[in-house]
Amino acid sequence: MAVRNQLVHRPPHAVWAVLADPTLYGEWVVGPSESTPLDQLWPEVGSRLRYTVRLGPWSTEGVTTVRHLEPGRELELEASFQTLGTARIFLQLRPWGEETLVVCDEHPLRGLGGTLHNPTVEALLQLRHRGMLARLAGIVERGHAGARHA
């Protein structure tokens, strides 16, 4: 299981504001280049985002669904790629003095991704999380209102 932590130099409510903004998903998550809310209630349980992942000339669409929510504290997502299956992504916000410790736990859940899961894939997930959590921290610490224009 790929678990990684990031200390964000802002309080939990500031981190949550970014997680709860579906238009920022493609800016902090490594992989998606575009994201569009499919439901008006993001991040309510059952709400979804559609996103596009591009790698050179190759692109595919995926959908992420909120599976669990404790507003301001926990967000659990299921990311689905038709060809690769699904992954569980759990984000937990822990107050750390005046700051926030963000814990990210991701693992393949269904399909080909789960079948092919191995130590190499685990190492790649760790690299992805390092970038993802650093992006999230940067957006939060700059103030997310200007993130779309940064």
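User: What makes a stretch of this predicted model a helix or a strand?

Analyst: Both are DSSP runs: a helix needs at least four residues in H or I, a strand at least two in E. They are numbered from the N terminus. The protein has four helices and seven strands. From the N terminus on, their order is β-α-α-β-β-β-β-β-β-α-α.

User: How do you know that strands β3 and β4 pair?

Analyst: Pairing takes at least two bridges between two strands. Strand β3 (residues 48-55) and strand β4 (residues 58-70) have eight bridges, in the antiparallel sense. They therefore count as paired. One of the bridges joins threonine 52 to glutamate 61 in β4.

User: What lies between the strands in the hairpin of β3 and β4?

Analyst: Two residues lie between them. Glycine 56 takes a positive phi near 65° in this hairpin.

User: What makes β4 and β5 a pair?

Analyst: The test is again at least two bridges. β4 and strand β5 (residues 74-81) have eight, also in the antiparallel sense, so the pair qualifies. Valine 63 has serine 80 in β5 as its bridge partner. The hairpin of β4 and β5 has three residues between the strands, and glycine 72 takes a positive phi near 80° there.

User: Why is glutamate 76 called buried?

Analyst: Buried means under 20% relative accessible area. Glutamate 76 has 17% relative accessibility, so glutamate 76 counts as buried. This residue lies in strand β5.

User: Which residues does glutamate 76 touch?

Analyst: A contact needs heavy atoms within 4.5 Å. Leaving out residues up to four places away in sequence, glutamate 76 touches Thr65, Val66, Arg67, His68, Arg88, Ile89 and Phe90.

User: What makes a set of residues a nonpolar core?

Analyst: The members must be buried, come from a list of residue types that includes Val, Leu and Trp, and be joined through side-chain atoms within 4.5 Å. The largest such core here has 30 residues. Val15, Leu19, Trp28, Val102 and Leu136 have the most contacts inside it. Elements giving two or more residues to this core are α1 (12-19), α2 (25-28), β3, β4, β5, β6 (85-96), β7 (99-110) and α4 (119-142). The largest share, six residues, comes from α4.

User: Which residues does leucine 136 touch?

Analyst: Leucine 136 touches Val15, Val18, Leu19, Trp28 and Val102, again not counting residues up to four places away in sequence.

User: How much of the protein is buried?

Analyst: Of the 150 residues, 43% are buried. The protein exposes about 8,000 Å², with carbon and sulfur atoms supplying 55% of it.

Notes. Residues are numbered from 1 along each chain as its sequence is written. This is a predicted model: local features need pLDDT of at least 70, side-chain atom pairs count only at pLDDT 80 or more; totals for chains, interfaces and linings use all residues. Side-chain values use heavy atoms; hydrogens and water are left out. Buried means under 20% relative accessible area, exposed over 50%, partly exposed in between (1.4 Å probe, protein chains only). Accessible areas come from the Shrake-Rupley method with a 1.4 Å probe; for residues, only the protein chains shown count as cover.
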